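Hi,

Here is the structure I promised to pass on. Have a look at it first, and then read on for what turned up inside.

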Amino acid sequence: MATLHDRITAVHIRIDTATRAAQRPLGSVRLLCVSKTQPAEALRAAHAEGECDFGENYVQEALDKIASLADIRRHLTWHFIGPLQSNKSRLVAEAFDWVHSVDSLKLARRLSDQRPADLPPLQVCLQVNISAESSKHGLTPDEVPALAQAVAALPRLRLRGLMSIPAPGDTGAHARLARLLQPGMDTLSMGMSEDLEAAIAAGATWVRVGTAVFGPRTPEV
């Protein structure tokens, strides 16, 4: 059975191989370990293997892990990647380094207003519903330019780029998202365990990988 070390090594080999195939510089694609439902000790073990970026979907679960790993907090970067309700925005603004799932000006304003002044600006991506799925959160492609302009003006946020979760089998989704990048953006958060190679070929800078790093997740209750 593959160990955590084996799985992480295999994912980095996949990333580097895909990066070379896309004729992009090594290091231009970073691994975001999707750690929802994983215990804090699994994240600690991944950090011991050299991983520093962790993506969480659920606010309270994430806050519990951040508290459990407080002794190595300065070595970690916490990314919120799930749908975010406005009534929980303050918790995320205070505890996280990135939010990949901004999908409204209301949410962006709350995050900016609630970001503590002693912390660096919160790094954010706009979530785009690139496959137009009724079950998914996110902007339509046509909504991206106006929201990007508005979010870029907020004082406690730094707009980095775009994020999407394409529908399975939507092979053109990554390229469509890449074409929506606006001036000043440098980030495409796209690609998961099953399709990271296609995402990298289209320009991904973060690939969000859970199962291939940690193994099958515990079923969500």
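The buried residues of helix 5 are covered by, among others, helix 4 (89–95), strand 4 (98–102), strand 5 (122–127), helix 6 (144–152) and strand 6 (157–163). Please keep in mind that this is a predicted model. Which residues of helix 5 are buried? Along this helix (residues 105–114), they are Leu107, Ala108, Leu111, Ser112 and Gln114.

Leu111 turns up again in the largest nonpolar core, which has 60 residues. Together with Leu126, Leu162 and Val213, Leu111 has the most contacts inside that core. Helix 1 (residues 4–21) is the element that gives the most to this core, with five residues. Another core, of seven residues, lies apart from it, and includes Leu32, Ile81, Trp98 and Trp206.

Leaving out residues up to four places away in sequence, Leu162 touches Cys125, Leu126, Val128, Val144, Leu177, Leu180, Leu181, Met185, Thr187, Leu188 and Ser189.

One of those partners, Val128, sits in the loop between strand 5 and helix 6. Beyond its neighbours within four places in sequence, Val128 is in contact with Gly138, Leu139, Thr140, Pro141, Val144, Leu162, Met163, Ser164, Leu177 and Leu180. Ser101 is 27 residues from Val128 in sequence, with 8.5 Å between their C-alpha atoms.

Happy browsing!

Definitions and conventions: Residues numbered from 1 in each chain as written. Predicted model: local features only at pLDDT ≥ 70, side-chain atom pairs only at ≥ 80, totals over all residues. Heavy atoms only, no water. Core = buried A, V, L, I, M, F, W, Y, C linked by side-chain atoms within 4.5 Å. Buried < 20%, exposed > 50% of the residue type's maximum accessible area, 1.4 Å probe, protein only. Helix = DSSP H or I, 4+ residues; strand = E, 2+ residues; numbered from the N terminus. Contact = heavy atoms within 4.5 Å.
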